[in-house]
Amino acid sequence: MIIAKPFSGSWLTWTAAGSVFLFPGLVATVDHAGSLLLVLLLLVGFAGCKGGWRDLGFWEKAMLLGMLTFFAVCALSLANADDLKNAFSRLEKVARILAFIPIYLSLRQLNVSLVRPFFWGCLLAGPWMLTVSLYQAVIETAPRSAGAYHPIVFGDQAVLIAGVLGASLCFSPRSRMLWVLTLLSLCSALVASGLSGSRGGWL
């Protein structure tokens with residue numbers, strides 16, 4: 001039902017929706033696409049999160065404070081690090097978790113569901129990832145399709161998309177044509193994962 005509703009809103013809403021739409025297909029197939037989309041969402045977060053903390057429920061605040069606590073514990077562990085360069089590199093990756101705090105606050109303030117753009121992004125991601133994997137396997141004659149980074153990352157992402165599409169087939173009512181397109185996209189994602197040789201994704 002959510003997928004059928006019209007989508008409208010401010011530029012913040014459209015930026016968030018566009019980022020969520022592009023994420024499934026681009027994050028494992030285009031260099032730095034995931035980081036770029038995260039930055040766009042972070043800009044949305046900083047622009048729209050003002051006053052959002054007051055409206056949060058108890059468990060929402062607990063979740064966000066848990067993220068802050070996790071980062072603080074990781075930062076404190078630097079005191080026992082022998083290799084500071086490697087330790088700061090790992091802390092930088094953990095720091096990305098903090099980006100989700102303003103993003104969450106902003107999306108909650110916007111009061112818009114991003115289920116529909118995420119679904120359509122997954123629907124298009126299946127054939128797109130299959131195209132990328134076939135190009136690498138046939139044209140580049142690569143033994144395993146790796147996408148933009150690594151076969152495991154690419155294969156796991158494809159299986160995750162297939163899982164989302166499989167869930168939508170089971171729990172979201174839609175037209176027969178859209179059901180068929182979803183099934184075809186699901187199969188495309190599974191074939192792409194198979195070409196990557198990522199057995200861990202299937203497990």
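This briefing describes the overall build of the protein and then selected residues within it. The structure is a predicted model. The protein contains eight helices and zero strands, so its elements run α-α-α-α-α-α-α-α from the N terminus on. Its C-alpha trace spans about 50 × 50 × 30 Å along the principal axes.

**Overall build**

- Of the 203 residues in the protein, 38% are buried.
- The protein exposes about 12,200 Å², and carbon and sulfur atoms supply 70% of that area.
- Among contacts between residues at least 6 apart in sequence, 76% join residues at least 24 apart.

- Helix α7 covers residues 176–196, and T182 lies within it.
- T182 counts as buried because its relative accessibility is 0%.
- Leaving aside neighbours within four places in sequence, T182 is in contact with F119, L123, L165, S168, L169 and R174.
- The side chain of T182 also reaches the backbone oxygen of L178, at 2.7 Å.
- Between the C-alpha atoms of T182 and W120 the separation is 9.5 Å, although these residues are 62 residues apart along the chain.
- M177 is likewise found in helix α7, but M177 counts as exposed because its relative accessibility is 58%.
- M177 contributes to a nonpolar surface patch of about 560 Å², which is made by M177, W179, V180, L181, L183 and L184.

- The structure holds one salt bridge.
- In this salt bridge the side chains of R108 and E60 meet, with an N to O distance of 2.7 Å.
- R108 belongs to helix α4 (residues 84–110) and E60 to helix α3 (residues 58–76), so the pair ties together parts that are 48 residues apart in sequence.
- The two partners fall into separate accessibility classes: R108 is partly exposed, with a relative accessible area of 34%, whereas E60 is buried, with a relative accessible area of 18%.
- The value for E60 counts as buried because the cut-off for that class is under 20%.

**Aromatic pairs**

- A search of the whole structure finds two aromatic pairs.
- One of them joins F58 and W59, whose ring centres are 5.0 Å apart; their planes stand at 80°, so the pair is edge-to-face.
- F58 is exposed, with a relative accessible area of 62%, and W59 is exposed as well, with a relative accessible area of 70%.
- The rings of F119 and W120 also form an edge-to-face pair, because their planes stand at 70°, with the centres 5.5 Å apart.
- F119 counts as buried, at 4% relative accessibility, while W120 counts as partly exposed, at 33%.
- F119 is also one of the residues in contact with T182.

- S106 is placed in helix α4.
- With a relative accessible area of 0%, S106 is buried.
- Leaving aside neighbours within four places in sequence, S106 is in contact with V44, G45, G48 and C49.

**Loop residues with positive phi**

- H32 is found in the loop between α1 (11–26) and α2 (33–48).
- Phi of H32 is near 65°, a positive value in a residue other than glycine.
- H32 is exposed, with a relative accessible area of 58%.
- T141 lies in the loop between α5 (115–139) and α6 (151–171).
- T141 has a positive phi of about 50°, although T141 is not a glycine.
- The relative accessible area of T141 is 60%, so T141 is exposed.

Conventions
Residues are numbered from 1 along each chain as its sequence is written. Side-chain values use heavy atoms; hydrogens and water are left out. Helices (H or I, at least four residues) and strands (E, at least two) are DSSP runs, numbered from the N terminus. Buried means under 20% relative accessible area, exposed over 50%, partly exposed in between (1.4 Å probe, protein chains only). Contact means heavy atoms within 4.5 Å. A polar contact is a pair of N or O atoms within 3.5 Å; within protein, one must be able to donate a hydrogen and the other to accept it, and residues adjacent in sequence count only if both atoms are side-chain atoms. Patches are made of residues with over 30% relative accessible area and no salt bridge: like charges are joined within 9 Å, nonpolar side chains (Val, Leu, Ile, Met, Phe, Trp, Tyr) within 5 Å. Accessible areas come from the Shrake-Rupley method with a 1.4 Å probe; for residues, only the protein chains shown count as cover. A salt bridge is a side-chain nitrogen of Lys or Arg within 4 Å of a carboxyl oxygen of Asp or Glu. Rings of Phe, Tyr and Trp (its six-membered ring) pair if their centres lie within 6.5 Å; planes under 30 degrees apart count as stacked, over 60 as edge-to-face and the rest as tilted.
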